[in-house]
Amino acid sequence: MSARNALVGASASVLLCAMAGVALASGGGGGGGGGGFGGGAPSVSAPAYNAVEEYQKGVAALKGGEYRDADRAFGHVLEVVPKDANTLFAMGLTKAGEKDLKGAARFYDRTLKADPQHIGARRELAVTEAQLGQADKAKAELVTLQTRATACGDTCPEADQLKASVAAVQAAVTPATPAASGTPGPAAALERPNLMFAKAEAGDHDYVDAVHLINEHRYAEALTQLKAAQSAFGPHPDILTYIGYVNRKMGHLDEAETYYRQALNIYPEHVGATEYYGELKVIRGDLPGARQMLAKLEQTCTFGCVEAEDLRRWIDAGHEPSGL
């Protein structure tokens, strides 16, 4: 599919000014290689549905130490997208703030089931297990982090976070060191809630950077930027759709489907997620399922709908058609 996203070639500052007030919920689709989104940055375009709004409420409450309010807000998000890794992680932090370490560990574990690559959740799970006296489990998580940090070296985008996380867990499994110094353990200082969630402006820049990286076919780097944007905005359907698209391009079809379904669960008429989900069904040989997605697009996106035309070409060809 062709790169037809409006973000290509524009600077972040220009985009953020020009896109103010654009509502992506009116029917944005994919970008960075097809399926046009509304073109707006998430902070100025978050649609009026509870998942995004409740996530923002939860983050604000968590930063302010209002853990009961954070628990309630994140719970509302999980009612809509029960496998959203960032919300599960935030709920773990909330439980930790409520001094419910066992509850925190359960949510960190659920985060890792939803996203095994979530560094923060693995770090906090290990630290929490150490606090619960489960040293063997904590050390196992430490080995996982160390293995990933070694493979990463200094080259991958997560290098600094991995190194800091390894150090935090190492200190947690040898608690005498921070106690002797009279200072909080590294895990506490590493990422307090008010530092763990990006502001909207930073999230917008992460989002725009991700689009450019997608159009340059730098999918692993784009995924890192999208995850950063997601931590700022929560389960925004445009971001979820992009994450699905990037996973598909990297060959992670199950993950792609998960994110497309999450986007459509939040906003069923999202044309980008609908198109991409239909294309994924073509890749998997499910042409009847792809035709269902096309029929949905034809009802939702009726005038000059590029997404519907692209999906129709996929279905006719039985695979990704040339020229897209």
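1. Leaving aside neighbours within four places in sequence, V173 touches A130, A138 and K139. Keep in mind that this is a predicted model. The C-alpha atoms of V173 and A130 are 5.8 Å apart, although 43 residues separate the two along the chain.

2. Where does V173 sit? You'll find V173 in the loop between α9 (159–172) and α10 (176–181). Its relative accessible area is 23%; the cut-off for buried is under 20%, so V173 counts as partly exposed.

3. T111 is another one to click on. This residue belongs to helix α6, which covers residues 101–114. With a relative accessible area of 0%, T111 is buried. Once neighbours within four places in sequence are set aside, the contacts of T111 are A85, L88, F89, H118 and A121.

4. Now for helix α14, residues 219–233. Its 15 residues, at 1.5 Å a residue, should span 21 Å, and the end C-alpha atoms are 20 Å apart, so the two values agree.

5. Is α14 largely enclosed or left open by the rest of the structure? Eleven of its 15 residues are buried, so α14 is largely enclosed by the rest of the structure.

6. Last, have a look at what comes after α14. The helix is followed by G234, and the phi of G234 is positive, near 80 degrees.

Note on methods
Residues are numbered from 1 along each chain as its sequence is written. This is a predicted model: local features need pLDDT of at least 70, side-chain atom pairs count only at pLDDT 80 or more; totals for chains, interfaces and linings use all residues. Side-chain values use heavy atoms; hydrogens and water are left out. Helices (H or I, at least four residues) and strands (E, at least two) are DSSP runs, numbered from the N terminus. The expected span of a helix is 1.5 Å times one less than its number of residues. Buried means under 20% relative accessible area, exposed over 50%, partly exposed in between (1.4 Å probe, protein chains only). Contact means heavy atoms within 4.5 Å.
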